[in-house]
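Please keep the sequence and the structure in view while reading.

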Amino acid sequence: MDVMEAIRNRRAIRRYRPDPVPEEAIKTLAEAAQWAPSWSNTQTWRLVFVRDPEVKAKVAAAIMTTNPTGINRAARGVGEAPILIAVCAQNDLAGFYRDGPRQGMPSTDKSEYWYMFDAGLAMQNLTLAAHALGLGTVHIGMFNPAEVAKVIGLPSNFVVVELMPLGYPDHNPPAPKRKDLSELMFFDKYGG
Ligand SMILES: Cc1cc2nc3c(=O)[nH]c(=O)nc-3n(C[C@H](O)[C@H](O)[C@H](O)COP(=O)(O)O)c2cc1C
């Protein structure tokens, strides 16, 4: 599949068929994430593919089903999808000096966030690869990370960045509109 075609046609999938995801596909998706760039090649993210229905139900319970604007639209699909990925990352490595007298000190104003950026890059690779294999995904940011960390036994210097159901799509949602390019990009100066 052409890269632009995959980028344009990937959608947030919130309804899944129960068909299992082959091991080979899981490996391909992990490899797609593996080749993402990261701060100083620190590769701080880790993927926990939760397949055990009991563990999956416990992780899914950490998804907040209500928010100020209503129901989390992805919650139902999490129960349907055969896999729920817990995307984790070490939060004290990317963006921090690793050697010398400044070891452990932040190296930029955004140091405490670079692991989020790196995890996002890896997951974009993964979602596009999944789409190319006919699989569906959705990013889920609304959940209780401490609860998930406890269920999956996460070390204390790691955080759960997001949850992502994975499975074969059971719907074909229309593309939500994007802002016009004239609003999103400029030449030479902001707003120019
Ligand atoms: C960081 C992040 C968090 C998200 N969290 C949720 C969520 O909690 N629940 C949900 O239903 N969708 C969630 N989404 C999916 C977005 O709503 C969706 O990607 C967006 O509406 C654009 O639709 P598209 O992915 O089909 O292009 C999240 C997406 C991102 C990038």
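## The buried side of helix α2

Which residues of α2 are buried? In α2, the buried residues are Ala25, Ile26, Leu29, Ala32 and Ala33, where buried means under 20% relative accessible area, exposed over 50% and partly exposed in between, with a 1.4 Å probe and protein chains only. They cover an arc of only 120 degrees around the axis, which puts them on the same side of α2; the arc is that of the directions from the helix axis to the C-beta atoms. An α-helix has 3.6 residues a turn, so residues three or four places apart point the same way.

The model is a predicted one, in which local features need pLDDT of at least 70 and side-chain atom pairs count only at pLDDT 80 or more, while totals for chains, interfaces and linings use all residues. Residues are numbered from 1 along each chain as its sequence is written, and side-chain values use heavy atoms, with hydrogens and water left out.

## The rest of helix α2

Helices (H or I, at least four residues) and strands (E, at least two) are DSSP runs numbered from the N terminus.

The face of α2 turned away from its buried side carries the exposed residues Glu23, Glu24 and Lys27. Ala30, also placed in α2, counts as partly exposed because its relative accessibility is 28%. The buried residues of α2 pack against β1 (45-50), β4 (83-90), α5 (114-132) and β6 (158-167), contact meaning heavy atoms within 4.5 Å.

## Helix α5

The 19 residues of α5 should span 27 Å at 1.5 Å a residue, and its end C-alpha atoms are 27 Å apart, which agrees. Among the buried residues of α5 are Trp114, Tyr115, Asp118 and Met123, and the buried residues of this helix pack against α1 (3-9), α2, β1, β4, β5 (136-137) and β6. Just after α5, Gly134 takes a positive phi of about 85 degrees.

## Around the ligand

A backbone N or O atom of Ala12 lies 2.8 Å from an oxygen atom of the ligand, and a ligand oxygen atom is 3.3 Å from a polar backbone atom of Ala74. A nitrogen atom of the ligand is 3.1 Å from a polar backbone atom of His139.

Key. A polar contact is a pair of N or O atoms within 3.5 Å; within protein, one must be able to donate a hydrogen and the other to accept it, and residues adjacent in sequence count only if both atoms are side-chain atoms. The expected span of a helix is 1.5 Å times one less than its number of residues.
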